[in-house]
Amino acid sequence: RAKSGSGWITITTDTNLPGGRMTPGAAASANLARVVSQQGWEPALRTDPGASHYRIMGIEFTFDDRQLPYGSGGIVRLGSGSQSAANMPSYIILDRLWIHGYPHQLTKRCVELNTAWSAVVDSYLDNCHSSTQDSQAIMTWNGSGPFKIVNNYLAGAGENVMFGGGDPSIANLVPSDIEIRGNHFHKPNSWQNSSTTTVKNLFELKNARRVLVEGNVFEGNWTDGQTGYAFNLKSANQSGACTWCVTEHVTIRYNVIRNTENGISLLAKSSNPSIPMNNVLFEHNVFYDLGADSDFGGQGIGFKISGGPANLMIRHNTMITKRQIASIGGPGMSGFQFVNNVTPRGQYGIKGNGEVEGTATLNTYAPGATATGNVLIGANSSLYPAGNYFPGTMAGVGFVNAGADDYRLSSSSPYKGLVGGQDPGADVNAVNQMTAGVR
């Protein structure tokens, strides 16, 4: 309910809650209170307009498992797609919750987060899936932020987490100041070829500003509703009424992305008028089991870059993929940096449509780009700018144990400390430290 004043109300189970992330087992042991929707598409929890200063803690939210095939349109709905700025819910914390659908039912989403000043922390969001429409563990399109999404298990079929995807009812609204840290983004193998799931990607931004994605594990994605990219980032005016929509100032660092057909898809903007995506940084991420090495096979493209996003920086990443480092389409990419990465060439390396790979592609599609300090395994040195390195095989890089997915550089690696005393590729020790215990 909406209330007067800024005093906090905590709603919780009267029990000893576990520390850290909630799990189904911990929920059962703690005998959490259960809030169950029995009204089909009605949520188990929703806010009145203007609700604020609530902490919801240690509760299970779900719907009646006897409903077939449909469950809830959204199990927890904070805010709405038609609200005004004045009645947007704010200061709502979801803490150590178990929010879930069921394998045999269709669930549009677990949490609808159209709020200001809100957080989802230490929670377990599971079986958020549908085969008849887009589904998410968490989705925001009509909330201003800030948002904190930290230390959760997030299993959503369409997109595990998505910002944008619908035109906001509030003029000039861009969800902003978004912190996403220490989460496990996961699509279980059992969802493949399931009649209750349509799979798209693990993380999607269509309208978002000042985003930090740090220390997460992203795994499990395949071609189904889309073409198997783990991330889908773009500026998108979804239905034509959001000309101000933009994705910008995004930092994605110290994450693990694994067991997915392809890596990252970036599109400056979609067909409706919007502000092109700009200022996106990928730094110190480890990608592996992309393409043929994954459980799902597929192409194995690291980055697909279209439409000329401005100031895209890809630096100090380690990416083990089969087919291609980067596929570049559409000229006009300014401020592009591809620096100090370690990756196999695959079949095509860095290649744009109708161009020779390497320098020729960069000159055509990203004039003035910086591409140096990279270890490009199996690439032809004559096709790439000076200042890069070209071992013939994976073994020539000197990984500690590539067979066990340990992509640190050994002390005997010829590339150890090559970049101003630092190793090229990701700081794998830092990545391991930041993702310890996430999965």
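Two strands count as paired if DSSP finds at least two bridges between them; strands (E, at least two residues) and helices (H or I, at least four) are DSSP runs, numbered from the N terminus. You're looking at a predicted model, where local features need pLDDT of at least 70, side-chain atom pairs count only at pLDDT 80 or more, and totals for chains, interfaces and linings use all residues. Residues are numbered from 1 along each chain as its sequence is written, and side-chain values use heavy atoms, with hydrogens and water left out.

Start by selecting residues 247-253 and 278-283: these are strands E22 and E25, running parallel and joined by five bridges. Zoom in on Arg253, and you'll find Glu283 of E25 opposite.

Now zoom out to the whole sheet. E22 and E25 belong to an open, parallel sheet of twelve strands, ordered E1-E4-E7-E10-E13-E16-E19-E22-E25-E28-E31-E34. Colour E1 (9-12) and E34 (370-372): they are the edges, each with a single partner strand, so one side of each has no neighbour in the sheet.

Next, pick E30 (residues 324-329), where six of six residues are buried (under 20% relative accessible area; exposed is over 50%, partly exposed in between, with a 1.4 Å probe and protein chains only). Five bridges join E30 to E27 (301-306), in parallel, with Gln324 as the bridge partner of Ile301.

Last stop: helix H3, residues 428-435, with Val428, Ala430, Val431 and Thr435 buried. Step past H3 to Gly437, whose phi is positive, near 80°.
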